[in-house]
Amino acid sequence: MKTSRLEAFSDGVMAIIITIMVLELSAPEGTDFQSLLAKAPVFISYVASFIYVGIYWNNHHHLFQITQKVNGKTLWANLHLLFWLSLIPFTTAWIGDNYEAKLPIISYGVVLLGNAIAYFILQSVIIKSHDDAFPLKKAIGTDGKGKISIIFYCLGIGLAFINTWLSIACYVIVAIMWLIPDTRIERNIS
């Protein structure tokens, strides 16, 4: 089976996720700067989550540009990733309104961790469904960046019990780490 239908479906789901997040944004009640400033945490949580969805969309795109075939396990692994991505709007709204509360910060971290693990599983399933010469296997290598992300998400979840700002810092570090273009796949396609 080719990858085009899976890619189109995934693109659609990610577009809907972003749409849901933006629809959660509401205009300030007043017309002064203070009213606008009061909405800053909600807007910042939206921007952070938009970046995360964008990172997954970008990496998903690269992943399926190199993938040569799709099987049932790949479809289910992809749905598993989409499930975790679909939870981002809920935790984004919750954290935006409660950015200093532990449970929303922990929930956001759990969803980010779920996404990272689901993406790791998707990569692994794709690699296992191809032969040993499959370029993705070489490109990913030991996947240090993916493993470091999982460690930082776990650290962020744990730190939320101590200080929510330290937890948020862990989540931001991972986003920054992935914003730096990852050329592992492009280098191994040619």
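Throughout these close-ups, buried means under 20% relative accessible area, exposed means over 50%, and partly exposed is whatever falls in between, with a 1.4 Å probe and protein chains only. What you are looking at is a predicted model, where local features need pLDDT of at least 70, side-chain atom pairs count only at pLDDT 80 or more, and totals for chains, interfaces and linings use all residues. Residues are numbered from 1 along each chain as its sequence is written, and side-chain values use heavy atoms, with hydrogens and water left out.

**View A. Q123 sits in helix α6 (residues 102-128).** Helices here are DSSP runs of H or I with at least four residues, strands are E runs with at least two, and the numbering starts from the N terminus. Is Q123 buried or exposed? With a relative accessibility of 5%, Q123 counts as buried. Contact means heavy atoms within 4.5 Å. Skipping neighbours within four places in sequence, Q123 is in contact with L63, L136, I140 and D143.

**View B. Helix α6 is mostly covered.** Of its 27 residues, 19 are buried.

**View C. The largest nonpolar core has 48 residues.** Such a core is a set of buried Ala, Val, Leu, Ile, Met, Phe, Trp, Tyr and Cys residues joined through side-chain atoms within 4.5 Å. Y52, L85, L136, Y153 and Y171 have the most contacts inside this core. At least two core residues come from each of α1 (4-23), α3 (40-66), α4 (72-86), α5, α6, α7 (135-140), α8 (144-159) and α9. Which helix gives the most to this core? That would be α6, with 13 residues.

**View D. Y52, Y108, Y153 and Y171 form one aromatic cluster.** Rings of Phe, Tyr and Trp (its six-membered ring) pair if their centres lie within 6.5 Å; planes under 30 degrees apart count as stacked, over 60 as edge-to-face, and the rest as tilted. Y52 is in contact with Y108, L112, Y153, Y171, V174 and A175, leaving aside its neighbours within four places in sequence. Both Y108 and Y171 are buried.

View E. By the ring rule, the count comes to nine aromatic pairs. F90 counts as exposed at 55% relative accessibility, while W94 is partly exposed at 28%. For a second tilted example, go to Y108 and Y171, whose ring centres are 6.0 Å apart with planes at 55°. That pair links distant parts of the chain, with Y108 in helix α6 and Y171 in helix α9 (residues 164-179), 63 residues apart.

**View F. The charged end of K145 sits over the ring of W178.** The charge is 4.5 Å from the ring centre. To qualify, NZ of Lys or CZ of Arg has to be within 6 Å of the ring centre and within 35 degrees of the ring normal.

**View G. S49 lies in helix α3.** S49 is buried, with a relative accessible area of 0%. Not counting residues up to four places away in sequence, S49 touches M21, I88, T92 and Y108.

**View H. I157 is found in helix α8.** At 14% relative accessibility, I157 counts as buried. I157 and S167 are 10 residues apart in sequence, and their C-alpha atoms are 6.3 Å apart in space. Leaving aside neighbours within four places in sequence, the contacts of I157 are I106, G109, V110, L113, S167 and Y171.

**View I. T142 lies in the loop between α7 and α8.** T142 is exposed, with a relative accessible area of 64%. T142 and F9 are 133 residues apart in sequence, and C-alpha to C-alpha they are 29 Å apart in space.
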